[in-house]
Amino acid sequence: MATVSRVLNGKEVVREETLRQVQAAAKALNYVPNVAARSLSIQRSQTIGIVLPDVHGEFFSEVIRGIDVAARRAGYHILVSGSHSNAGEMLEVLGAMRGRVDGIVVMAPDVAHASLHPSLPSDLPLVLLNSTDGDRDSITIDNYGGARAMMLYLAELGHEQIAFIKGPAQNADARERLRGFRHAMRELGVTATRRLELAGDFTEESGHAAARKVLKADPRPTALFAANDSMAFGALAALAEAGVAVPGEMSVAGFDDIPVARYVAPPLTTIRVDIADLGRRAFSLLLDAIAQTGRRRTARPRRHHAHCPQIVL
């Protein structure tokens, strides 16, 4: 039994003849190691959980890809679930993953952590992505800085009337991007910004509807800044339908630089966030936390900012 274990786990060197015999027997028997039993013996599942607001859309796909690539290199598998931005569903998902994973990356910008905190598993390594909690490791985007940088860039191009398509009010990322827009407008001497703010929910449909409203405004803004790329795509479609030339008659900008942004016509000016790297860095933090499991932590929770105010033209 010990010899078979050594061969199947590749942990120790065995004689070549013994190696061939064990591998041949395993193949003949169609043997598959019992992962659950192995997890009990080593007290590790070699699996991490990923909880996202949704599993649909390029942003979330890139986050998953970044985590998955890093996890596989470290010998880990991933278990992915969506919370649909609902605190109750998130707690159900966390409960279902408990005992099956060695740690969890949670992205919950739509959920208030004050209500979640008492229910988060304290004995399970957990990293927050795009959200913060004073007692947890976290990594966030510099949403405020990115939005402010784009606004100042548009102002340098000569734009004074810049409309902004907001994200969901309950979303922390959206709130920070809106704050960056408002502060930049004040720096530019524009105080009455509410008439330039349009409702959005991070979907293409809301961007399309917002752009149609912009076209009816008097005076009409000369630039449109969407709080994410998906809404910018919807806005571009509405402007094309109305025969408005971009960027000739109206400039359009987005936020995130999802992969498809460079392939629309014209290519979207946006704020670049290396989304896959965000996932990789979140996994790195989680791996460190897993390594400390069972040992008393002496360091304070780490807060990392993925600074992103890089404009992609």
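These legends go with a set of close-up views of one predicted model.

The model is predicted, so local features need pLDDT of at least 70 and side-chain atom pairs count only at pLDDT 80 or more, while totals for chains, interfaces and linings use all residues. Residues are numbered from 1 along each chain as its sequence is written, and side-chain values use heavy atoms, with hydrogens and water left out.

**View 1. The whole chain, before zooming in.**
The chain has 11 helices and 12 strands; both are DSSP runs numbered from the N terminus, with helices being H or I over at least four residues and strands being E over at least two. Of its 313 residues, 45% are buried, where buried means under 20% relative accessible area, exposed means over 50%, and partly exposed is in between (1.4 Å probe, protein chains only). Take the contacts with a separation of 6 or more: 69% of them link residues 24 or more positions apart. A contact here is heavy atoms within 4.5 Å.

**View 2. Helices α1 and α2 where they cross.**
Helix α1 (residues 2-9) and helix α2 (residues 16-28) have axes that come within 10 Å and cross at roughly 85°. That makes α1 roughly perpendicular to α2. On the α1 side the contact is made by T3, V4 and V7, and on the α2 side by T18, L19, V22 and Q23. Sorted by class, that is four nonpolar, three polar and no charged residues. For the bookkeeping: axes are lines fitted to C-alpha atoms, for helices over the stretch in contact, and angles run from 0 to 180 degrees between N-to-C directions. Under 35 degrees counts as roughly parallel, over 145 as roughly antiparallel, 65 to 115 as roughly perpendicular, and the rest as oblique. Nonpolar covers Ala, Val, Leu, Ile, Met, Phe, Trp, Tyr, Cys and Pro; charged covers Asp, Glu, Lys and Arg; the others, Gly among them, are polar.

How far apart are the end C-alpha atoms of helix α4 (residues 58-73)? They sit 23 Å apart, which agrees with the 22 Å that its 16 residues should span at 1.5 Å a residue. The expected span is 1.5 Å times one less than the number of residues. Buried residues of α4 are F59, F60, E62, V63, I64, G66, I67, A70 and A71. After α4 comes G75, with a positive phi near 85°.

**View 3. T47 in strand β1.**
Look for T47 in β1 (residues 47-52). T47 is buried, at 16% relative accessible area. Leaving out residues up to four places away in sequence, T47 touches Y76, H77, I78, L79, R100, V101, D102 and G103.

Most residues other than glycine have a negative phi, and most peptide bonds are trans. The D218 to P219 bond is cis, with omega near 0°, and P219 is in the loop between α9 (204-216) and β8 (223-226). The A265 to P266 bond is cis too, with omega near -10°; P266 is in the loop between β9 (251-256) and β10 (269-272). N30 isn't a glycine, yet its phi is positive at about 55°. Is N30 buried or exposed? N30 counts as exposed, at 66% relative accessibility, and belongs to the loop between α2 and α3 (35-42). D256, also not a glycine, has a positive phi of about 125°, but D256 lies in strand β9 and is buried at 6%.

**View 4. G254 in strand β9.**
G254 is part of β9 and is buried, with a relative accessible area of 0%. Which residues does G254 touch, not counting those up to four places away in sequence? They are M150, F225, A226, N228, D229, A232, L268, T269, T270 and I271.

I139 is in strand β5 (residues 137-141) and is buried, at 0% relative accessibility. Its C-alpha atom is 5.2 Å from that of L129, 10 residues apart along the chain. V273 is in the loop between β10 and α11 (275-291) and is buried at 6%. From V273 to F255, 18 residues apart along the chain, the C-alpha separation is 7.9 Å.
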